[in-house]
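This report describes part of a protein chain and a sheet within it. Please look at the sequence and the model before reading on.

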Amino acid sequence: MPCIKYVSNVEVTHPIGTGRPAESKIMAHCTTAGGKWSMRGVMGALTKVFGDDPMDAYNNHPMPLGATQFVSVSNRYNAGKLWVCNLHVLKAGPSPSLIWEAFVQAVDKLSEFALKHHASIHFVRLHPSTPDLDWAMVHKQLDLKLAQQGVDVVVYTKEKQDLPKAPADAPAAKKPKNCDQVFANMRFAIAGYSSEETVALMQLIESMGGSVQPKYISFGSNQTDVLLCDSEHSDMFKHVDQLGGTIVSKAYVEESFSKNTRLPYSCYLQNPPDPSTTPSPMSVTHAAPTSPLADLFTGLRFHLCCGAARAQVARYIIAYNGKIAESVAVADYVIVADPETSPISAPSHAKLVNVGWLWQSINLLEIAAPSSFPVCPKQALK
């Protein structure tokens, strides 16, 4: 029987998997009937990640209390479908208040939609200061109309009292001496575990000097070092595996803690490389993944002058459905490592950018402006 899981340090815009392959998901949040979309908070985060469709549905098609709006959005990480659900359950006012009858009606519709589409629910917890909110009643309603009907429910909360606590009689883990530097400067992401396991892993990592990020960051100064995940069906597992990231089981953290040392990954890898199929840096451009992570670079050809970073850059371009052009003459973009100097001349039709353009485009999941990532070019080819 599905249950309600509470998670923190995770954004609803990156809904966690509940263990089912190709899982469809509904990101549900409570909205004010007849209100206006905000570019702050949850609404702003949804717009940043999924574009204007949820906002346009809300602003252009006002609905009464108790109504729901299901807006299909692009799911770039697995084969399942993804929706944003606007639940019209708050009454307009200086401090919008929860109308219980409207909430019950909206949850009934949410349950019907989720069961029809075999989708899990990813619900944003209302702020405790919301007028007329009784969270215990909300939890019971989610359990009655969703969990008990066979729908997986994940609640995204920032309230510590919502998170599971260790039993009072549970023995506290004994912290080894000088343990706080074992994971110094290491950044982890966690996916596919219950909220209880996630909380316990976060505590262990932080006690050893590491940090846990709400989502996996594949590049930049805050790049994630390791993903903790045991389930190959997890959306995050598939995403990180295709990007060539390191994925280990939770035993890596637990045994590093017990032995008071940073252990090698090799014994804990969940996605070990296959020597017979792993391409060399020179051949990586021909090893396109079977299913791209997103269609970000579809139809675009890239010529790379990135030196030692070429293999990594090529992998990301291919993962996001771009093509590598061996000849600069047919390239749409020429990417160089050093923004100060271009080692080659670019044809007049091609855009010459530094490698920061690639990372920014992937981060935003849209093509960044080339003018923001200039390179001092040689004279362009005619």
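Leucine 228 has valine 248 in strand E11 as its bridge partner. Strand E10 (residues 226–228) pairs with E11 in the parallel sense over two bridges; two strands pair if DSSP finds at least two bridges between them. Strands (E, at least two residues) and helices (H or I, at least four) are DSSP runs, numbered from the N terminus.

The model is predicted: local features need pLDDT of at least 70, side-chain atom pairs count only at pLDDT 80 or more, and totals for chains, interfaces and linings use all residues. Residues are numbered from 1 along each chain as its sequence is written, and side-chain values use heavy atoms, with hydrogens and water left out.

E10 and E11 belong to an open sheet of four strands in the order E9-E8-E10-E11, with parallel pairing. Strands E9 and E11 stand at the edges with a single partner strand each, so one side of each has no neighbour in the sheet. The table lists the strands of this sheet.

| Strand | Residues |
|---|---|
| E9 | 211–212 |
| E8 | 187–190 |
| E10 | 226–228 |
| E11 | 247–248 |

Helix H5 (residues 195–207) packs on the sheet and touches E8, E9 and E10, where contact means heavy atoms within 4.5 Å. The direction of H5 makes about 175° with that of E8; axes are lines fitted to C-alpha atoms, for helices over the stretch in contact, and angles run from 0 to 180 degrees between N-to-C directions.

The chain has nine helices and 15 strands. Of its 382 residues, 48% count as buried, meaning under 20% relative accessible area (1.4 Å probe, protein chains only).

Terms used
Buried means under 20% relative accessible area, exposed over 50%, partly exposed in between (1.4 Å probe, protein chains only).
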